[in-house]
Each structure stands twice: as C-alpha cells, then as structure tokens.
Amino acid sequence: MKVAHLETFAKVASTGSFTRAAHELFTTQPTVTTHIQLLEQELGCQLFRRSKKQVCLTENGKNIYQKVEEIFRLIDTIKSMNVNNELTGILNIAASSVMGSNFLPHVLQKVFSEYPKVNIQLRFGNSHSIASWVDEGFVDIGFAPISSGFPRLVFTPLLVEPCLLITGYKKYEYYKELYESGECASSDFIIREKGTKLYEVSMHWLKKQPFYTEMKPPHILWNIESIKNLVIEGAGIAILPKCSVERCLQHNLVQEIASDMKVGNITYCMIERKNENYNKVGAMFREFLLNK
C-alpha cells in the first residue's frame, strides 16, 4: 500500500472532489482516479459514491478515512522528531485577514525565532471556509469569528475587537458633515461580502440608521486591505475592526467618524477539532498562542 495513494484518498475525502484534489496535489485528475482505483482494488471495497454533482464517502470509506487521518498524524509526529531532539515539522493553519495580519504575526515571529526548523503554512479565508477546513482536517487550527453549523469544532475566544466607522483623512470633514446632518444616503459605503462577520456588523449598524431605506447599495469588497486602501483614497466610508486600521489612524491616513450608536464588536476565536491530539509542533504553537 503506497502512501501516495492514501494521500490522494484523504485529499478527495476532504475536498469532496477529484478535480479539486488533483489541483491541490499538483497532479492530474486521471492520476487521482488511478490512485483511488488501485486503493479500492487493494482494499477490496468501494471508497466513494460518485455522481455528477458530488463525491461522497461510503461507510467503508468513512471508516478507512478515520484510520488514514491517524496514519498521517503519526507521520507528522515522526517528522517532528530528530536525533538532536530539535523540534521540526509542519503546521497548517488558516486565518481571517484580521487574525492573520494583526494577531498572529507576533506569535509567528516567536515561533520562527525559537524553532527555526518548524514550518508553519498559513492560508487565508472567511469564517465559514476556515471552519470547514478545520472540520475536514485540511488545516490543523483556524483563527476566525464563530461560524455556526460545525458541532465537531471548538471555538475558543482570543480577541474581542471593536469596529469603527472610518473614512479617509482628506475627506473626513466632508463625510463627517454628511453623516451628522443625516444626508449621507448618497454616500459610498464599502463593506465586506455576505457570509463574513464584518458584513453582519456593518449591515446591522446600517439598518438602524435613518437614511438606510434611501441609501444606495453599498460597494462589496472581499478583502479588508482593499477596503482600507479605498477609504484612504477618499472613496467612501467603511466599518472596519480597530486593529486593522490602528496604524492608519496613528499616521493620519484615516479618521474615525463618531457615532451615537455603537457600531459593534467582533469576537475572533481559535478553531479546533474536539479532543484533537496534537503533535509536538501543534502543541508548541498552541502553548505559544495561549500565553501570548
């Protein structure tokens, strides 16, 4: 039984797609299909039920997938060991833009400094995608706001961040006057995409404003940095977590518009699988994180 075939099986199981598995393994779909067929022949059972819309594990496939996950966790543990007892290995994590850009860098810097042979791979996503990646075992730990519908996950609060109503420094007086006079229905509001916690906070605040029924549709951007840069250029008003604009506030690139109505907070969490048995790298990173 080849490890490559097990790796392909695990990737198809976690992605639910032969095509996506091939893409993420940097191989071709025929190769993925061949690996699965050879593994099914060797095990003597069908691993997946295939249809035009989806690929699902059979009952045998589900049982084998659990064992395969255990195998790869053991492999990761072995990789983390060496004769000098120096910690090595790979940790896959995923984070929202706020956590990845503002919260984790300090922790990562300490890890890189004290454990130079540890390799941490960080990918970005929104709350739901990150929770899905952790749930499916595609990443080891996630960092994002709570996302519902994942009973196998544990969400541990790490950061409660207030959100601010901001605009570019150069257009501050203009937008401040419009807001205070209640005439900003025609203003350009820029918000994150639906499905993000920041979208919920932004829309909750906007819907309580007297101008909401007359305001033009807000601009939707899928990236906080892009929103921030547009605001700096004077393109409109946005609601953003304070930590994401602190440096801009300090350097007079943006300015907060005071609001009588509290904009709201976002709670960012560490996302883990219940009863997860971490290898040495995962345990080390988690300790660094909680003692930050």
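Reader: In which helix is Ser14 found?
Author: The model is predicted, with local features needing pLDDT of at least 70 and side-chain atom pairs pLDDT 80 or more, while totals for chains, interfaces and linings use all residues. Residues are numbered from 1 along each chain, and side-chain values use heavy atoms, without hydrogens or water. Helices (H or I, at least four residues) and strands (E, at least two) are DSSP runs numbered from the N terminus. With these names in hand, the helix in which Ser14 is found is H1.

Reader: Is Ser14 buried or exposed, and which residues is it in contact with beyond its neighbours in sequence?
Author: The relative accessible area of Ser14 is 8%, and a residue is called buried under 20%, exposed over 50% and partly exposed in between (1.4 Å probe, protein chains only). Ser14 is therefore buried. Once neighbours within four places in sequence are left aside, the contacts of Ser14 (heavy atoms within 4.5 Å) are with Tyr65 and Glu136.

Reader: Which residues of H3 are buried, and within what arc do they fall?
Author: The buried residues of H3 are Val32, His35, Ile36, Leu39 and Glu40. Looking down the axis of H3, one finds that these buried residues line one face of the helix, because the arc that holds them (from axis-to-C-beta directions) is 130°.

Reader: Which exposed residues does the opposite face of H3 carry, and what covers its buried residues?
Author: On the face of H3 that is turned away from the buried side, the exposed residues are Pro30 and Gln41. The buried residues of H3, by contrast, are covered by parts of the structure that include H1, helix H2 (18-24) and strand E1 (48-50).

Reader: Which residue takes a positive phi just after H3, and of about what value?
Author: The residue in question follows directly on the end of H3, and it is Gly44. The phi of Gly44 is positive, at about 75°.

Reader: What is the phi of Phe26, and what is that of Asn275?
Author: Most residues other than glycine have a negative phi. Phe26, in the loop between H2 and H3, is exposed at a relative accessible area of 78%, and its phi is positive, at about 55°. Asn275 lies in the loop between strand E11 (265-273) and helix H11 (280-290), and counts as exposed at 80% relative accessibility. Its phi is likewise positive although Asn275 is not a glycine, with a value near 55°.
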